[in-house]
Amino acid sequence: MNVTNPDLVLVRGINSRWFKENFTNFWIGFGGSPQAVPKEDAYYVGLYLESPESAITHIGIVDYIERYDNGADFYLKAIIKLPNQINPGHAIRKHENWSLSRLGLNETQIANLRILLESI
């Protein structure tokens, strides 16, 4: 991975059906159009569940990324349920760039967890 901003969280909009069916696959795909593919690599992916939740409910720690024409697959090492759902005030259809601090997470604690997971 070529992460230049260690605080970056790519928040991806997904529906609850997809989440339930793919939770155990530990991957999040981006694609379909050039605007739907993140330009930067990130250590973290936030999961925004559409209605009825309409909130960011989980954060995934990225293990590795596979980029290809018009797409990218982010494979996750872990998915963590956030202690408090975050309502961004609007729907997230594709993805948005957020930060750990904007999600109310301690950057040092999450980075330490990510580093610890690399040894597993």
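Is Ser54 buried, exposed or partly exposed? Ser54 is partly exposed, with a relative accessible area of 26%; buried here means under 20%, exposed over 50%, and partly exposed in between (1.4 Å probe, protein chains only).

Some ground rules before the points. This is a predicted model, in which local features need pLDDT of at least 70 and side-chain atom pairs count only at pLDDT 80 or more, while totals for chains, interfaces and linings use all residues. Residues are numbered from 1 along each chain as its sequence is written, and side-chain values use heavy atoms, with hydrogens and water left out.

1. **The loop between S3 and S4.** Ser54 sits in this loop, and it has a positive phi of about 50 degrees despite not being a glycine. Helices (H or I, at least four residues) and strands (E, at least two) are DSSP runs, numbered from the N terminus. Pro52 has its place in the loop between S3 and S4 too, and a cis peptide bond with omega of about 15 degrees joins Ser51 to Pro52. As background, most residues other than glycine have a negative phi, and most peptide bonds are trans.

2. **Asn70.** Here is another non-glycine residue with a positive phi, about 60 degrees. Asn70 belongs to the loop between S4 and S5 and is exposed, at 52% relative accessible area.

3. **Asn87.** Look next at the loop between S5 and S6, where Asn87 lies. Asn87 counts as exposed at 59% relative accessibility. Even so, leaving aside neighbours within four places in sequence, Asn87 is in contact (heavy atoms within 4.5 Å) with Ser54 and Ala55. The Asn87 side chain also reaches the backbone nitrogen of Gly89 at 2.7 Å. That is a polar contact: a pair of N or O atoms within 3.5 Å, where within protein one must be able to donate a hydrogen and the other to accept it, and residues adjacent in sequence count only if both atoms are side-chain atoms.

4. **Helix H2.** This helix runs over residues 107-118, twelve residues in total, and reaches 17 Å from its first C-alpha to its last, close to the 16 Å expected; the expected span is 1.5 Å times one less than the number of residues. Which residues of H2 are buried? They are Ile110, Ala111, Arg114 and Leu117. These cover an arc of only 125 degrees around the axis, so they fall on the same side of H2; the arc is that of the directions from the helix axis to the C-beta atoms. An α-helix has 3.6 residues a turn, so residues three or four places apart point the same way. The buried residues pack against strands S3 (44-49), S4 (55-68) and S5 (71-86). On the face turned away from the buried side you'll find the exposed Thr108, Gln109 and Leu116. At the start of H2, a side-chain oxygen of Asn106 comes to within 2.9 Å of the backbone nitrogen of Thr108.

5. **Aromatic pairs.** A search of the whole structure turns up three. In one of them, the ring centres of Phe30 and Phe74 are 5.0 Å apart with planes at 65 degrees, so it is edge-to-face. (Rings of Phe, Tyr and Trp, the last by its six-membered ring, pair if their centres lie within 6.5 Å; planes under 30 degrees apart count as stacked, over 60 as edge-to-face and the rest as tilted.) This pair links distant parts of the chain, with Phe30 in strand S2 (residues 27-31) and Phe74 in strand S5, 44 residues apart. Both Phe30 and Phe74 are buried. Tyr43 and Tyr44 also pair edge-to-face, at 6.2 Å centre to centre and 70 degrees between the planes. Tyr44 is buried, at 1% relative accessible area.

6. **Charges over rings.** The charged end of Arg12 sits over the ring of Phe30, 5.5 Å from its centre. Arg102 lies over the face of Trp98, at 3.6 Å from the ring centre. The test is NZ of Lys or CZ of Arg within 6 Å of the ring centre and within 35 degrees of the ring normal.

7. **Ser99.** Arg102 comes up again here: its backbone nitrogen lies 3.1 Å from a polar side-chain atom of Ser99. Ser99 is in strand S6 (residues 95-99) and is buried, with a relative accessible area of 17%.
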